[in-house]
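This report walks through one protein model, part by part, for a reader who has the sequence and the structure at hand. Please keep both in view while reading.

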Amino acid sequence: MDRKTFLKTGFFTSLASAILPRLCAETEQKFSSQKLPKDVSFCQRVFKVNTPSKLRIQIPEKFKKDVLQNPQGFKLVCLSSDRYAMSAKKRLYIDFPLWRRSEKIDKMNYENALVDFEIEEDRLLIDVNFANEDLYVMELFKKDSMKKPIFKEHVFAVKEDLFDMRPFKGDMHMHSIFSDGKNTPEEMGHKCLQLGMDFQALSDHNKYEGSQHLMEAFKDLNTSLKILNAEEVHVSAVHVHSIGSDRSITNWVNENKETFSKSVEKILSTLPKNLDSVDARDIAETEAAFDLIRSFGGIAQFNHPYWYRGDECMHVSKTVREEVFNRKNFDSIEVVNSLVNPSATDLILSHVMELLLKGADYSIISDSDAHSITQIGGAYTIVFAKSKDFKDLKASILDKKNVAVDNRPEHHPEIFGNRRYVFYADFLIKNYYPSLTKLKLDESEILALMLPLLKEKDSEKFTTLNKELAEKSDIVKKYSDSFFG
């Protein structure tokens, strides 16, 4: 199986909407007094299974007059991705392939999946209760022609554990002028917000201070972007990623060289004696750094294990990779890095599959490794968590409740991870994130005006802009709350 099919969903491409009408939840009335964008729908799209709910679908302008004047002339069908009705008691068969056709299933029996609806102002009002966790498509047909729906709308039903989570999109590997990046931390953070990120971490080479600087700069800003601490640590040939640690690993090692050396020697004594001495020390130093990251509350990650340095040779040996992976002393693997050679993703995903067969189950992460604002967005991770606070993000990542997304233009995007989360994330990428990104773009325009004033936080202009930023951030929250009911 190649990378394009491994843990990747393209399952419901055939169900893509021809037209995307607005889907309206009861929460819409709550926000009617707010100045909300008219081209963004503040509506529920995600529902909890086995829970009676109200679904409102805005009728597209093209069909509004006909539907409102004669609702009895239309039929509404609800189907899951596997062509089951909402109750999951009846299934509709697809008349394909030709050699399986028969008189019984030659024509799809939509009558089994009909749902009642009422008219509420210019919307369809539907009582829903989804039996299974799945993607559902609502299709409105003319009563005398059930061959092709006049419009479709998609919703997703999830079980209670996932319904209580929210998806948070972020990039935790990038560099600023604090190391070899081209842009300031503030510019990198602003770009992440502009691209719809929920959280971000600068990980400058051996420099924890870059992320600290950005966290300090943004701490008084009323933005929806969460800033995390991070650092790419170079105590060995392996690029060790410290995410969320409460201190700098590089600084600690420099200040405690004797203690670190003792840790390295202790690990060396546990390694196979036939290892090359350079490889053995790389493994021991890498593992000692992983141990420090975990002891300081962070996530220990192996960055781009198959990176070709200069497209000629890999930056770590096969022996080092194999031994570090097999010893299972770190938390996550960066499977997608949009800055390095694409074949690196193919190789690491193949390695991940081999590790799974051996019982080693790591969380997989996708990062941009951006060294300028133009490189951000090529890869990101979606984490399903209680909140975007680091403790909740960390808990979900360690529990593998996340997906890695390769968002390079040639990858469409591709999603990797647990099949359940991949399926859900595909729906969100198509139906949730476009509007969220638009709203965060509005927010980022205010933030751009504030960046030159970060040293004047007591000024009247900064205070005024910060209030406007809070309003934009509040709209982002309202959109998210309404989408997930």
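## A loop residue and its surroundings

The model described here is a predicted one. Val235 has its place in the loop that runs between strand β13 (230-233) and strand β14 (240-243). Although Val235 belongs to a loop, its relative accessible area is 18%, and because buried means under 20%, Val235 counts as buried.

Which residues does Val235 contact, once its neighbours within four places in sequence are left aside? They are Val253, Phe260, Glu285 and Ala289. For Ala289, the separation along the chain is 54 residues, while the C-alpha atoms of Val235 and Ala289 are 7.4 Å apart in space.

Strands β14 and β15 run antiparallel and are joined by four bridges, and one of the bridge pairs links His241 to Gln301 of β15. With strand β18 (residues 332-337), in contrast, β15 pairs in the parallel sense, over two bridges.

Lys169 has its place in strand β10, which spans residues 166-171. Is this lysine buried or exposed? Its relative accessibility is 7%, so Lys169 counts as buried.

If residues up to four places away in sequence are not counted, Lys169 touches Leu195, Gly196, Met197, Asp198 and Phe199, and also Tyr380, Thr381, Ile382, Tyr433 and Thr437. Another residue, Ala404, is 235 residues away from Lys169 along the chain, and the C-alpha atoms of the two are separated by 9.9 Å.

## An open sheet of five strands

Five strands form an open sheet in the order β2-β9-β8-β4-β5, and their pairing is mixed. Strands β2 (46-48) and β5 (114-115) stand at the edges, where each has a single partner strand, so one side of each is left without a neighbour in the sheet. In general, the strands of a sheet pair through backbone hydrogen bonds, in either a parallel or an antiparallel sense.

The pairing of β5 with strand β4 (residues 74-80) is antiparallel and rests on two bridges, and in β5 the bridge partner of Leu76 is Val115. Helix α11 (residues 419-431) lies across β2, β8 (134-142) and β9 (151-158), and runs at about 140° to β9.

## Two helices side by side

Helix α12 (residues 433-450) packs with helix α13 (residues 460-483) at an angle of about 170°, and their axes are 9 Å apart. Because this angle is over 145 degrees, α12 is roughly antiparallel to α13. Among the residues that make the contact are Leu436, Leu439 and Ile446 of α12, together with Phe462, Leu465 and Val476 of α13. Taken as a whole, the residues of this contact divide into 12 nonpolar, three polar and five charged.

## Cysteines

How many disulfides does the structure hold? There are zero. Cys43, at 1% relative accessibility, counts as buried, and Cys78, at 0%, counts as buried too.

Methods:
Residues numbered from 1 in each chain as written. Predicted model: local features only at pLDDT ≥ 70, side-chain atom pairs only at ≥ 80, totals over all residues. Heavy atoms only, no water. Disulfide = S-S within 2.5 Å. Buried < 20%, exposed > 50% of the residue type's maximum accessible area, 1.4 Å probe, protein only. Axes fitted to C-alpha atoms, helices over the stretch in contact; angles between N-to-C directions. Parallel < 35°, antiparallel > 145°, perpendicular 65-115°, else oblique. Contact = heavy atoms within 4.5 Å. Nonpolar A, V, L, I, M, F, W, Y, C, P; charged D, E, K, R; others polar. Pairing = 2+ DSSP bridges.
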